[in-house]
Amino acid sequence: MDGINKGGNMLRKNVSISDTHLKMLDPLLKKHQGNLSAAMRDIIDFTGFVTENMGSLETAKDLFREKNHAMEETRNRIYGITIPLTMFRWLLANKNGNLPPINEATQLFSNKNLNSYDITTLNKVINEEIAFLNWPITANLGSENGQISIQITGVDPEINVFYAKLISMFLSSNKNPQKISKLIKYPASIYMLFQMASTNEEALRSIQETFGAAKRDEIPFQSEMIMATA
């Protein structure tokens, strides 16, 4: 703090903020079009709300830690996997193993209009969704000869296959639709390449041709994999 100036009810102070804390403030700065004073007022209002209702910031932190621990314990008791309610209902009603319609698959991904060629953001979005669902898989995205590459790795081959199809359906419905150009199944992983499709329908057809399908919006689930090249 370099100095204090008071004008009416306004208190002015110079505050030093590290790069780490500026990154934490980034969402608030974007909300207020870069106005740091407005962002700080938001923080002060929130701090006042928390202390008024929780007694202190430390009490609030302790409650959040307890809640997160309880959630983690619950997940561990159910093998660590969560699934959206609508998809769970769909699975109960479709014992023949068909994949859900497009809207059921894409609901797993929060950013529907993501630029599919922004590999860094795409990788972040997909892995954040996996972390939220707590599925026993990892996804590594990259680029190979101008095509999107995805390697899905996990201990359960059927979950690997299922998620490979969900990602394919997500990319087929993107504003820059991607079709499957290559798919290879390994014992504990699946490798896929995607290239630009002219339409969403063409991209969806590539999923149907790769995995086998009877209907446009409902793709049968098979435990075996089919290698596809284009």
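**Stop one: a capped helix**

Select Asp156, which caps the N-terminal end of α7: one of its side-chain oxygens lies 3.0 Å from the backbone nitrogen of Glu158. Before going on, know that this is a predicted model, where local features need pLDDT of at least 70, side-chain atom pairs count only at pLDDT 80 or more, and totals for chains, interfaces and linings use all residues. Residues are numbered from 1 along each chain as its sequence is written, and side-chain values use heavy atoms, with hydrogens and water left out.

Now highlight the helix itself, residues 157-172. (Helices are DSSP runs of H or I with at least four residues, strands are runs of E with at least two, and both are numbered from the N terminus.) α7 has 16 residues and reaches 23 Å from its first C-alpha to its last, close to the 22 Å expected at 1.5 Å a residue; that expected span is 1.5 Å times one less than the number of residues. How many of the residues of α7 are buried? The count is 14 of 16, so the helix is mostly covered. (Buried means under 20% relative accessible area, exposed over 50%, and partly exposed in between, with a 1.4 Å probe and protein chains only.)

**Stop two: Leu122**

Next, pick Leu122 in helix α6, residues 119-133. Leu122 counts as buried because its relative accessibility is 0%. Leaving aside neighbours within four places in sequence, its contacts (heavy atoms within 4.5 Å) include Phe170 and Leu171.

**Stop three: His32**

Go to the loop between α1 (19-31) and α2 (36-54), and you'll find His32. Its side chain makes a polar contact with the side chain of Asp42, at 3.0 Å. (A polar contact is a pair of N or O atoms within 3.5 Å; within protein, one must be able to donate a hydrogen and the other to accept it, and residues adjacent in sequence count only if both atoms are side-chain atoms.) Beyond four places in sequence, His32 is in contact with Ala38, Ala39 and Asp42.

**Last stop: Lys179**

Finish in strand β5, residues 178-186, with Lys179. Is this lysine buried or exposed? Lys179 is buried, because its relative accessible area is 18%. Show what surrounds it: beyond four places in sequence, its contacts include Phe194, Met196 and Glu202.
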